[in-house]
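Me: Can you walk me through this structure? I'd like to keep it quick.

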Amino acid sequence: MHHVDPFVAGLVQMAPEDTPAATLQKAADFTAQAADRGARVVCLPELFATPYFCQTEDHAHFALAETVPGPTTRALGRVAKDKGVTVVAPLFERRGPGVFHNSLAVIDPKGEVLGVYRKMHIPDDPGYYEKFYFTPGDLGFKRFTTPVGPIGTLICWDQWYPEAARLTALTGAIILFYPTAIGWHPEEKAAFGVKQRDAWITIQRSHAIANGCYVASVNRVGHEIPPTGGPGIEFWGSSFVCDPFGEVLAQAATDREEILTAEIDPKEVDTIRTHWPFLRDRRIDAYQAIERRYIDD
């Protein structure tokens with residue numbers, strides 16, 4: 001039986017500073033503050049150490065990538081060890097020459113890298129040109145065994161896929177962390193902004209319900225305009241935690257940096273799944289077609 005005591009999850013909603021070093025220092029400070037507020041596991045936003053460089057396709061940006069271990073895992077590893085917390089640390093991973101991933105490292109309370117998750121679903125949309133930079137993850141869907149219990153990690157575009165949430169939940173994870181970089185294209189905001197943000201919240205609440213687990217989404221915040229100019233992206237913050245029935249326990253603002261904390265109770269996963277036994281009634285003998293691109297015969 002895994003660890004069943006309640007614990008506090010900390011979400012760091014933040015924006016980058018002028019340099020990665022300054023941003024890393026801020027992330028370390030925020031992580032320490034979350035720990036001081038009782039968090040035992042702290043998660044930062046997707047690619048938090050730099051501006052969201054995927055707004056443009058530019059080979060110069062590959063210089064921002066780092067190895068694991070590297071600057072991000074070292075800086076946050078020091079905080080993890082100092083405060084005795086687990087840290088979910090997203091980063092732009094340089095795996096080898098010409099091979100880069102959108103990744104995260106899970107750092108244990110000793111300050112050591114417990115493991116890595118590599119983003120599986122890579123978007124290619126206006127302002128989100130990620131296929132130029134990242135090759136898809138090849139580690140599959142994972143859970144990490146931490147002192148607070150088993151946690152699952154996914155990244156941003158992964159959060160729209162029920163398959164990713166399901167497979168991660170089936171590993172025994174009691175909470176799914178989704179480090180994120182999502183926002184409004186300013187020219188679309190008036191027409192579609194409310195619907196877009198609402199869809200983002202709804203799909204993730206639905207993952208919590210369908211899988212009977214907690215979900216924590218950790219977004220960046222602030223209006224980022226790339227060096228080439230243009231309207232940029234207005235990251236909408238709104239980081240939140242919901243329980244295994246989809247109830248939002250805590251949510252951050254749309255327009256400022258914030259440290260969010262919420263209590264996670266592993267026993268609640270057990271209780272909800274017992275009363276709403278979706279996993280019991282799954283027809284695993286009938287799902288083979290999910291492996292097909294489209295059912296067209």
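Predicted model: local features only at pLDDT ≥ 70, side-chain atom pairs only at ≥ 80, totals over all residues.

Me: OK, start with Cys54. What is its relative accessible area, and is Cys54 buried or exposed?

Reply: Cys54 has a relative accessible area of 0%. The cut-off is under 20%, so Cys54 is buried.

Me: How many disulfides does a search of the whole structure find?

Reply: The search finds 0 disulfides.

Me: New topic. Where is His61?

Reply: His61 is in a loop. That loop lies between strand E2 (39-43) and helix H2 (71-83).

Me: Does His61 count as buried or exposed?

Reply: His61 counts as buried, because its relative accessibility is 15%.

Me: Which residues is His61 in contact with, leaving aside neighbours within four places in sequence?

Reply: Phe53, Thr56, Phe92 and Tyr133.

Me: Switching to the surface. Which residues make the nonpolar patch?

Reply: Ile209, Phe245, Trp276 and Phe278 make it. The patch is about 360 Å².

Me: Where is Trp276 found?

Reply: Trp276 sits in the segment after helix H5 (266-275). At 43% relative accessibility, Trp276 counts as partly exposed.

Me: Now sheets. What is the order of the strands in the open sheet?

Reply: The order is E11-E14-E13, with antiparallel pairing. The sheet has 3 strands.

Me: Which strands stand at the edges?

Reply: E11 and E13. Each has a single partner strand, so one side of each is left without a neighbour in the sheet.

Me: How many bridges are there between E11 and E14?

Reply: Strand E11 (residues 183-184) pairs with strand E14 (residues 233-236) over 2 bridges. Gly183 stands opposite Phe235, and Trp184 has Glu234 as its bridge partner.

Me: And how many join E13 to E14?

Reply: 4 bridges join strand E13 (residues 221-224) to E14. In that pairing, Glu224 stands opposite Ile233.

Me: What do strands of a sheet pair through?

Reply: Backbone hydrogen bonds, in either a parallel or an antiparallel way.

How values were computed
Residues numbered from 1 in each chain as written. Heavy atoms only, no water. Buried < 20%, exposed > 50% of the residue type's maximum accessible area, 1.4 Å probe, protein only. Contact = heavy atoms within 4.5 Å. Disulfide = S-S within 2.5 Å. Patch = residues over 30% accessible without salt bridge, like charges linked within 9 Å, V, L, I, M, F, W, Y side chains within 5 Å. Areas by Shrake-Rupley, 256 points an atom, 1.4 Å probe, with all protein chains shown as cover. Salt bridge = Lys/Arg side-chain N within 4 Å of Asp/Glu carboxyl O. Pairing = 2+ DSSP bridges.
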